[in-house]
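Here are my notes on the model shown below. Please read them alongside the sequence and the coordinates.

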Amino acid sequence: MIEVIDKEIKKFLSSIDNINKENLDAILQKFSITISDNLNKGHLTTNVCMIAASILKANPNELAINLKNKLQGIGAFEDVQAAGPGFINITLYRKDFTSTIKTINEEKESYGKSNLGKGQKIQIEFVSANPTGPLHVGHGRGAAYGDAIGRILQATGSFVEKEYYVNDAGRQIDILTASVILKLAKKDINNYFPENAYKGKYIEEIGTKINKTIKLKYDVKSLTKSIPKDPEEEIDQVIANLKSLDNESWVLVKDFSLKEIVESIKNDLNIFNVDFDNWFNESSLGDINQESSEISSSINKLKADGQAYEKDGAIWLNTDISGDDKHRVLIRDNGRTTYFASDVAYHKNKIERGFDKLINVWGADHHGYIKRIEASLEALGSNRNKLIVKLVQFANLFKDGEKVKMSTRSGEFFTLKDLIEDIGADAARFYYLSKQADQHLDFDLDLAKSDSKENIFYYIQYAHARIVSLEEKFVANYPSAGKDVKSIESNSYNECDKLIHEISRYPDVVKKSASSLQPHLIIYYLRDLSQLLHSYYNDNHVLSESEENMKAIVQCLSSVRQVISNGLNLLGISPMNKM
RNA sequence: GCGCCUGUAGCUCAGCUGGAUAGAGCAACUGCCUUCUAAGCAGUGGGUCAGGAGUUCGAAUCUCUUCAGGCGCGCCA
């Protein structure tokens, strides 16, 4: 029906006196036909007259009355009204209005999918936490968000590849390795342990696992020889000493620890129902000392193109183009590359893989980093508009009304795994996604477990479970009853109208969620739909209706259930059939 | 100092590519379980959308500004 209206509107607009192509295109781009926000405004609404009025400097109400007459004239609608400041409200014939039920029961899990993305190739890089310890609750939010937008973009017609960038090279990994060795050798070295080493329990656990396969021979004297006071310098010196004292063990422990931690991260993500198509190792970019490595070739290219230059013994990238406050170092004066240099090479690699769009999901503390990456994309001959950086703000956890402390210093923190064990993966995902990603989130653990209406997660699940149970009872009582929506279609039963109206909005919600990269829109939609379901359920006793009505109602409620299920699936949450 | 995010009912938040009377839940007060799951429903009260100025036929929504809070600003990663 929307197509019919769309066609009529275009006809109407081109018939307006003195309209030129430019204005026409502007109107066509801006106006919308939407499901009305309330049934008393009819089924469909368009704002086209107000858009046209502002562009053409005309009177919106006059346009509305003219368009209203045109639409009424074609006889395809039960009623057309011009209302308010210039809206057109359209009431469909009942058969058209109720056709959504049939559509959903036919399309099932495909209902809501679209071709909005037109088959573009999108890469989403998210989580990418350093493999130096378990994922914590901050990472969980990025994981839930990246995975959800992946599902939503996929459902709206894009090809999505989800990737985790593993920082398996560099100083952090050296510190990890040193931490494991020091814990392992603690008896021989009088429990010497630098302040800046990693202290978590998992460090000792890794040590215990590797203990059987390795013999370490360190003594405190040679290890702590010429150790500086400064904590940063201290850890670096310890690393250097460990490497020179026993490089064989160093490499062994390093490889083992890295493998252990990456495995544990994969496990955590797995129980969180987040899966990646690709794990990209920073180490695969190679080393600056290797002539042909990706990191060397990307820096060489930047130099050759005059984008990178030498100053004060370091190699810098000119980042002026993106408005960054200063140029950034790629290679330090000591010859080592920066983290940024790896990232430049990594993004060059991404570009070469031919994505139409790159989405990076980063912790909000990285926002100062955006401009330099944008600049590097331009410097590499790509376009910075290809990159969309979505920042995810930190989540504060609250338990028993108190903020849960998350200090990584002491090595004690609330991990993602702890959270999942506490409230379950689905509830955790739900609450992570319940607010826009770039805003601070207060995550109330007690609420997530509570059994009140305030807990929207269960409120929505409850709606789903109620329908499932009703369907089962209906099938048990009337095993031979077929599918039939006649009594709803013919208006002999109209108690479900609000539900029908709401489920017909769903495809628009998914599209809006995809184009704005905001999964939380789906959550609020599902809450509203569930509210209508609970209200209907309370006021109407389905199983005491006539068989004719029951058949139609069950069809209608099945489509509501389908929509709830589809919506939850886009968020990576499994619907519950029983509670 | 610069950058990003935020300020909507007592509390937690929706609504923000401008549109029809600003919405939920909680808390307070009233009702509804001998019938399909009360983890539910119905109702009442509660708002200068932080303050100010501007753009517009129309601003919670856009611009500027003030105030308040959070975070970030390395040749760290």
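**Notes on the sheet and the cysteines**

1. F280 in β7 is the bridge partner of Y165. The strands β6 (residues 159-166) and β7 pair in the parallel sense, over four bridges. Two strands pair if DSSP finds at least two bridges between them. Helices (H or I, at least four residues) and strands (E, at least two) are DSSP runs, numbered from the N terminus.

2. On provenance: this is a predicted model, in which local features need pLDDT of at least 70 and side-chain atom pairs count only at pLDDT 80 or more, while totals for chains, interfaces and linings use all residues. Residues are numbered from 1 along each chain as its sequence is written, and side-chain values use heavy atoms, with hydrogens and water left out.

3. The five strands form an open sheet, ordered β7-β6-β5-β11-β12, with parallel pairing. β7 (278-281) and β12 (387-392) are at the edges with a single partner strand each, so one side of each has no neighbour in the sheet. From one strand to the next, the twist averages 25°.

4. Helix α7 (residues 137-155) lies across β5 (121-125), β6, β11 (357-363) and β12. It runs at about 160° to β11. Axes are lines fitted to C-alpha atoms, for helices over the stretch in contact (heavy atoms within 4.5 Å). Angles run from 0 to 180 degrees between N-to-C directions.

5. Are C496 and C556 buried or exposed? C496 is buried at 1% relative accessibility, and C556 is buried at 0%. Buried means under 20% relative accessible area, exposed over 50%, partly exposed in between (1.4 Å probe, protein chains only).

Terms used. Chains are lettered from A and ligands numbered from 1 in the order in which they are written.
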